[in-house]
Amino acid sequence: MSAITIRPETPADAERIHTLTQAAFRDMPFSDGDEQDVVDQLRADGDLTLSLVAEDAERIVGHIAFSPVTISDGTQGWYGLGPVSVWPELHGQGIGSRLIRRGIADMRTLGAKGVVLLGSTEFYPRFGFAHDPQLTYPGAPTEYFQCLVLEGAMPRGQVAYAPAFG
Ligand SMILES: CC(C)(COP(=O)(O)OP(=O)(O)OC[C@H]1O[C@@H](n2cnc3c(N)ncnc32)[C@H](O)[C@@H]1OP(=O)(O)O)[C@@H](O)C(=O)NCCC(=O)NCCS
């Protein structure tokens, strides 16, 4: 594999991101099978706050999306991380971690106050994510809902994702 670079998506990337997301989630037991459609819909809705691709010399091999969330206490400036996808044959080579670190750094630069996600309790704590009982997300096992404060106080309330997540 050649060197990986990370950059914001361009309109020409949309189709490849769709294919990549579909392939990455295909065999995941927790997948709804519609993650690629969620990315398309976020883009169509203007809710794709940050969309980064990882590419090698030939093709896009990874992608990460961030979109706005709302919190019932009225706190502004929080975002949801995901979906994040790496081409299946390339899992475990550090591409996902680079996308997540760069994504968090870029969101901080954009002024984000915090990030939430629904995901593995083994993978995401290494980036600073942790479950906090002050932030709730109905319908998912509690511990998988994790957050990272970038600036300010920890909000207290129920989180809702952008409409594209259904
Ligand atoms: C999750 C994903 C983006 C990580 O990308 P990656 O390039 O494989 O990740 P990295 O190589 O940076 O990190 C690999 C590490 O993450 C761990 N990991 C990745 N996904 C994991 C998961 N769902 N559950 C537990 N651990 C996971 C690996 O076991 C490995 O751990 P180690 O460093 O202790 O050996 C990639 O595996 C992927 O596309 N998965 C399918 C889609 C998906 O599950 N997205 C996230 C939904 S929450």
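I began with the ligand, and I found that one of its oxygen atoms is 2.9 Å from an N or O atom in the side chain of Arg126, a polar contact, meaning a pair of N or O atoms within 3.5 Å. Taken alone the ligand exposes 870 Å², of which the protein buries 70%, with accessible areas from the Shrake-Rupley method and a 1.4 Å probe.

I noted that this is a predicted model, in which local features need pLDDT of at least 70 and side-chain atom pairs count only at pLDDT 80 or more, while totals for chains, interfaces and linings use all residues. Residues are numbered from 1 along each chain as its sequence is written, and side-chain values use heavy atoms, with hydrogens and water left out.

Next I turned to strand β9 (residues 157-160), which is joined by two bridges to the antiparallel strand β4 (residues 70-71), where strands are DSSP runs (E) of at least two residues and two strands pair if DSSP finds at least two bridges between them. I saw that Thr70 has Ala160 as its bridge partner in β9. Strand β7 (residues 135-136) runs parallel to β9, again with two bridges, and there Leu135 is partnered with Gly157.

Last, I checked the cis peptide bond that joins Gly82 and Pro83, with omega about 0°; Pro83 lies in strand β5 (residues 78-86).

How values were computed
Helix = DSSP H or I, 4+ residues; strand = E, 2+ residues; numbered from the N terminus. Polar contact = N/O pair within 3.5 Å; in protein donor to acceptor, adjacent residues only side chain to side chain.
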